[in-house]
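Reader: I would like a close look at one part of this model. Please keep it brisk and give the cut-offs as you go.

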Amino acid sequence: MAVISQLLQGDTRIATVGIDLIDDSLSQQGVPSTPTQWRPPPPEIAASLTEIALSPAVGDANAAALSANISSSSPRGLGHRGEHA
């Protein structure tokens with residue numbers, strides 16, 4: 001629970017990913033957010049991406065990264081190379 005309470009300290013930052021309705025609603029309420037464009041992968045590579053995502057090696061790497069960074073002072077997106085990176 002200590003990690004969760006650390007996340008709740010400080011300013012909240014919201015990124016909306018490909019959902020304009022949520023970003024518009026937040027804006028109308030005066031809540032700052034960062035819209036990010038996202039589209040599903042093209043069908044010709046979807047099967048390969050699924051295979052990679054379900055690989056046990058990816059799960060192991062994610063667990064290692066999470067345990068190494070669990071004490072980080074603020075969460076941040078990793079690997080996104082979009083317009084707001």
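Reader: What percentage of the 85 residues of the chain count as buried? Then take me to D23: what does its side chain meet in a polar contact?

Author: This is a predicted model, where local features need pLDDT of at least 70, side-chain atom pairs count only at pLDDT 80 or more, and totals for chains, interfaces and linings use all residues. Residues are numbered from 1 along each chain as its sequence is written, and side-chain values use heavy atoms, without hydrogens or water.

Of the 85 residues, 5% count as buried. Buried means under 20% relative accessible area, exposed over 50%, and partly exposed in between (1.4 Å probe, protein chains only). The chain has four helices and two strands. These are DSSP runs, numbered from the N terminus: helices are H or I with at least four residues, strands are E with at least two. From the N terminus, the order is α-β-α-β-α-α.

Now the close look. D23 lies in helix α2, residues 20-28. D23 is buried, yet has no salt bridge. A salt bridge needs a side-chain nitrogen of Lys or Arg within 4 Å of a carboxyl oxygen of Asp or Glu. The nearest side chain of opposite charge belongs to R39, 14 Å away. Here Lys and Arg count as positive, Asp and Glu as negative; His and the chain ends are not counted.

What D23 does have is a polar contact of 2.3 Å with the side chain of S33. That term means N or O atoms within 3.5 Å; within protein, one must be able to donate a hydrogen and the other to accept it, and residues adjacent in sequence count only if both atoms are side-chain atoms. Leaving out residues up to four places away in sequence, D23 touches T16, S33 and P35. Touching, or contact, means heavy atoms within 4.5 Å.

Next, D24. This residue also sits in helix α2. D24 counts as partly exposed because its relative accessible area is 42%. Its C-alpha atom is 9.5 Å from that of P35, eleven residues apart along the chain.
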